[in-house]
Amino acid sequence: MESFKNQIKTQILMKFILVCSSFFAISLCVSVLLLAKTKIVELRYSPQHDVSESDPTTADHLVFGIASTGTSWPSRKQYIKLWWNSIPNITMRGCVFVDALPHEENVNNDGSLPPLCVSQDTSQFLYTYKGGLRSAIRVTRVVKETVALNHSGVRWYVFGDDDTIFFPHNLVKTLSKYDHRLWYYVGSYSEIYEGTQVFGFGMAFGGGGFAISSSLAQVLAKVLDSCIQRYPHLYGSDSRVYSCITELGVGLTHEPGFHQVDLRGNIFGLLAAHPLTPLLSLHHPDHTDPIFPNMSTKTSLQHLFEAVHVDSERILEQTVCYEKQLSWTISVSWGYAVEVFQNNMLLPEVLRVERTFRQWLVGNVLRGIYNFNTREVHPDPCKRGTIFYLDKVSSGKDGIISSYKRDFQNCSYEASMSKLEVIKVVTNKLHLDNKQTPRRHCCDVLPSNAGNMMEIAIRECNYEELIYMN
């Protein structure tokens, strides 16, 4: 009998152990599943595990959406050809969106231009802005239709007009500062205070071009049509894109290298005092004078790109140095022009934009107020700075040498200035570091026995070096 009781106790104990073991196993499985689930969630929000995502951004990662029309494309394509596929060994991606194909357009594309895409019908959308063009809705949807091209490996979508001149290498350099996996809306506003105030300091002006990170663009494309329905009263396409991005809770990341160029006439002052940032775009070439004298608009831009191809990151970078013996102030806008002032100008004054241009629209006072510091042009041409425009640029074992020829004026100068005909500038190729705060370079006037030539060397400033007439 006693042995039977012990057998019963043993069976009960075994059942208890089995139940406990099963409970422990279930608990362990649940814990493992929860941990696994947590780990999966972490991976979804931590894309750094993808090695390809950590590779440097290149032009291969950009896709362009360019707004045009069948009427304007035949004349405007000369501007696109300046920069499209301008980076060696890179085939750029994107499309030019037109309302209808030009009649004379040759379908055979040698790669010097992007392909043409016919925009989708937008007649179902309401447009109520009086005096505007309802084509603004079609241009707005360029964002959606560019994403729908479904290119692979896209990090950034870049948008502009058919008269927007981009500088692709500098675009890549600038956009690589930002994580494309996050939501970014990158661009700049107009030069005119009134225009920026009306349309908003948070809006990227479309003619200057803007970029949207691929992660944001994918979401924006899905909701864009519903946003368009809420904004029939707006004027332009960039206002609609901005409004929809704002509804998604994203603000503008301002990059001053995008230039809307809402100016007319001679934009020398704007180019000669370019801000300390890579040049990303220029707009409205048909509304401004050729940037080099005695050239057509197309030829002058081609001439600028001769320097761009040699050192894109340095183009228009302003460097100021002083010739102590003659008390001259020398401003170098690399790859474009050198301006020599026959007096001591303090650096902050040199950096102001000279108002060589006319305002975009005549009218009230606000239309002549700009979003940057300006200085007036001296009424006497002979008391202004003497300008030397880019002649040629070359790269060799001794560095990059650019020469600038004097734009002669019928003025009576001092002997030292009257003899000066050429300024030669020596540099090394500029490699901007996105991890460091940009710092203006310094320059030295080199000794020369040639009375008609001055030589300048541009270099990095020393640690505590100041730029002034010492």
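**Note on the predicted model**

1. The buried residues of helix 5 are Pro168, Asn170, Leu171, Val172, Thr174 and Leu175. This helix, residues 168-175, is mostly covered, with six of its eight residues buried. The elements that cover these buried residues include strand 1, helix 2, strand 4, strand 5, strand 6 and strand 7 (210-213). The structure described here is a predicted model.

2. For orientation, the overall composition is as follows. The protein contains 12 helices and 21 strands. Of its 470 residues, 47% are buried. Among contacts between residues at least 6 apart in sequence, 68% join residues at least 24 apart.

3. Histidine 180 sits in the loop between helix 5 (168-175) and strand 6 (185-187). With a relative accessible area of 6%, histidine 180 is buried, because buried means under 20%. The C-alpha atom of histidine 180 is separated by 9.4 Å from that of threonine 57, although the two residues are 123 residues apart along the chain.

4. Strand 1, one of the elements covering helix 5, comprises residues 62-67 and is itself mostly covered, since six of its six residues are buried. In a regular strand, side chains alternate between the two faces of the sheet. In strand 1 both faces are covered: Leu62, Phe64 and Ile66 are buried on one side, and Val63, Gly65 and Ala67 are buried on the other.

5. Strand 1 has pairing partners in strand 4 and strand 2. With strand 4 it runs parallel, joined by six bridges; within this pairing, the bridge partner of alanine 67 is aspartate 161. With strand 2 (residues 93-98) the pairing is also in the parallel sense, over five bridges, and valine 63 stands opposite arginine 93. Strand 1, helix 2 and strand 2 together make a right-handed β-α-β unit.

6. Threonine 164 belongs to the loop between strand 4 (156-161) and strand 5. Its relative accessibility is 0%, and it therefore counts as buried. A polar atom of the threonine 164 side chain lies 2.7 Å from the backbone oxygen of glycine 207. Not counting residues up to four places away in sequence, threonine 164 touches Ile80, Trp83, Gly206, Gly207, Gly208, Gly209, Ser281, Leu282 and His283.

7. Serine 119 occupies the loop between strand 3 (116-118) and helix 3 (135-140). At 11% relative accessibility, serine 119 counts as buried. Its side chain and that of arginine 138 are joined by a polar contact of 2.9 Å. Leaving aside neighbours within four places in sequence, the residues in contact with serine 119 are Phe97, Val98, Arg138 and Glu145.

8. An open sheet is formed by eight strands in the order 11-12-13-17-18-19-21-20, with mixed pairing. Strand 11 (318-323) and strand 20 (442-446) stand at its edges; each has a single partner strand, so one side of each is left without a neighbour in the sheet. Neighbouring strands of this sheet are turned by 25° against each other on average, direction ignored.

9. Within that sheet, strand 18 and strand 19 (residues 422-427) pair in the antiparallel sense over six bridges.

10. Helix 10 lies across strand 17 and strand 18, and runs at about 45° to strand 17. Its length can be checked against expectation: at 1.5 Å a residue, the 14 residues of helix 10 (residues 297-310) should span 20 Å, and the end C-alpha atoms are 21 Å apart, which agrees.

11. Which residues of helix 10 are buried? They are Ser300, Leu301, His303, Leu304, Phe305, Ala307, Val308 and Val310. An α-helix has 3.6 residues a turn, so residues three or four places apart point the same way. The buried residues of helix 10 pack against helix 2 (73-83), strand 5 (165-166), strand 10 (281-282), strand 17 (386-396) and strand 18 (399-406).

Key:
Residues are numbered from 1 along each chain as its sequence is written. This is a predicted model: local features need pLDDT of at least 70, side-chain atom pairs count only at pLDDT 80 or more; totals for chains, interfaces and linings use all residues. Side-chain values use heavy atoms; hydrogens and water are left out. Helices (H or I, at least four residues) and strands (E, at least two) are DSSP runs, numbered from the N terminus. The expected span of a helix is 1.5 Å times one less than its number of residues. Buried means under 20% relative accessible area, exposed over 50%, partly exposed in between (1.4 Å probe, protein chains only). Contact means heavy atoms within 4.5 Å. A polar contact is a pair of N or O atoms within 3.5 Å; within protein, one must be able to donate a hydrogen and the other to accept it, and residues adjacent in sequence count only if both atoms are side-chain atoms. Two strands pair if DSSP finds at least two bridges between them. A crossover is right-handed if, with the strands pointing away from the viewer, the path from the first strand over the helix to the second runs clockwise. Axes are lines fitted to C-alpha atoms, for helices over the stretch in contact, and angles run from 0 to 180 degrees between N-to-C directions.
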